[in-house]
Each structure stands twice: as C-alpha cells, then as structure tokens.
Amino acid sequence: MKKLLIFLFLIIPVCALEAQAGRTEVLQDLEKNQAANQQGTATATLKASSRLFGDKNDLTSVILIIPSGSTVSVLGSEDTFLHVVFDEIEGYILARHAVIERAPVAARSPAQQAEPVQQQQQQQQQQHQQQQNNRFSYLENKYGTGTAVRLYEGKIWKGMSAEMVKDSWGNPKKMNRLISGNNIREEWVYNNSWLFIQNDRLVEWGPVRK
C-alpha cells in the first residue's frame, strides 16, 4: 500500500508537466497558424513527393513525407528550401520539389482603392490647366496681352477680325456667305448666337431664334 501511494505521488507531477507541455505546444501551434494567416502566405503545389524537415540544417530531422500533388502554404523561401505549413505542421521542403502558384494579395482599404481615381482626376486637371496656359500664351504672342485677355475670356466686339472671332469662340457650326461685288457678307451661326461678318470684320450679332 505504501509503495502504491509513493508511486502515485511520483507520477502525478509527471502527468501535470506533460499536460502543461501539451498546452504549450497547442498555444504555439495556434500562434504559428495565426501568424501565417496574417501574413497572407502564398501557396505551392508539390511536383514530386518531398520530405518535410523540422530543421533545414539537419537533414535527419524528417517529420513526414508530403505526397506529390499536395498543396502547402509558403511562409518564406530561400534558394534551396521553402518554409511551409502542411496539415498544420510547419517545416522545410526542398524548393525544387514545389511550384509556387500565387503571390499573397494584400487587402486594399477604401482609401487605397480611391487613389487611382484621384490620381486620374489630378492628371486631367493638370492637363486641362496646361492646355489653358498654352492657349493664353498663344493668344498673347499673337495679339498682345490686352487683346489676349479679352479673347481668352470669350468676348467679342464690333470691328474685330474674323480670325479673332474664331480665336475667341471657335469655328461656327454653320456659315452662310453672300458675295455682292467687292462686298463679302457672312453669317456665322453658333449654338445660341449668330454673327454677321462683313469684309472680314464683325459688324453685328444677335440671339438665334428657336
């Protein structure tokens, strides 16, 4: 009876230590799996059966044989070995035995998704601004600053040349021409206005009647 009691006293601490070790291993496995999930690992398919090593520097530390065609999660890669997880078991396999299928894709936040649209809008604004600057420079070089400002603002006035009208309003949608002797009279029709050009000078304008 005394021997039995002594045996129980000795074995209980041992069981407690083994249980504690088991809980520690479970926690470590959970932490490893969580870390792998957070990293968004790539996957690889084995093109040949491969040994899963516990230590890449010790080729005797074989944990198991992974069959050909199996899929593993890749945690890291080197020239010779891949750091992988197979059936929740972490280890190393020879890199030449596997083909990496896809790279990890990081989730994009709404702000990151909006960046390309914002960049495109900024580029369009910059292009528009550059076009406007180029147009004003063209008018200024052609007519001088004072006239360039008026044409840039889309203004017209009596006596301006037909070319000035085009530089201010652009080409008309429709043009009617009447030639009488040395007199050349033209009617230029825009969206909401008509203009009378006589001998290359603007003489009159008014609204289009609809």
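Hi everyone, let me begin with a definition: a salt bridge here is a side-chain nitrogen of Lys or Arg within 4 Å of a carboxyl oxygen of Asp or Glu. With that criterion, a search of the whole structure turns up four salt bridges.

A word on the source. This is a predicted model, where local features need pLDDT of at least 70 and side-chain atom pairs count only at pLDDT 80 or more, while totals for chains, interfaces and linings use all residues. Residues are numbered from 1 along each chain as its sequence is written, and side-chain values use heavy atoms, with hydrogens and water left out.

Now to the pairs. Which residue forms a salt bridge with K142? That partner is E163, and the closest N and O atoms are 2.5 Å apart. K142 sits in helix α2 (residues 110-143) and E163 in helix α4 (residues 162-169), so this pair ties together parts 21 residues apart in sequence. Helices, by the way, are DSSP runs of H or I with at least four residues, and strands are E runs of at least two, numbered from the N terminus. D167 joins in as well: K142, E163 and D167 are linked in a network of salt bridges.

How accessible are these side chains? I call a residue buried under 20% relative accessible area, exposed over 50%, and partly exposed in between, using a 1.4 Å probe and protein chains only. K142 is partly exposed at 32%, and E163 is partly exposed at 44%.

Next, R177 and E186 form a salt bridge, again with the closest N and O atoms 2.5 Å apart. Here R177 is exposed, at 54%, whereas E186 is buried, at 9%. E153 and K155 also meet in a salt bridge, at 3.2 Å from N to O.

Back to α4, please. A162, M164, V165, D167 and S168 are buried in this helix, and G170, which follows α4, has a positive phi near 85 degrees.

That leads us to the nonpolar core, meaning a set of buried Ala, Val, Leu, Ile, Met, Phe, Trp, Tyr and Cys residues joined through side-chain atoms within 4.5 Å. The largest one has 14 residues, and those touching the most other members include L151, M160, V165 and W188. Which element supplies the largest share of this core? It is α4, with three residues. Apart from this core lies another, of 13 residues, among them A42, L52, V72 and A95.

Thanks, and I'm happy to take questions!
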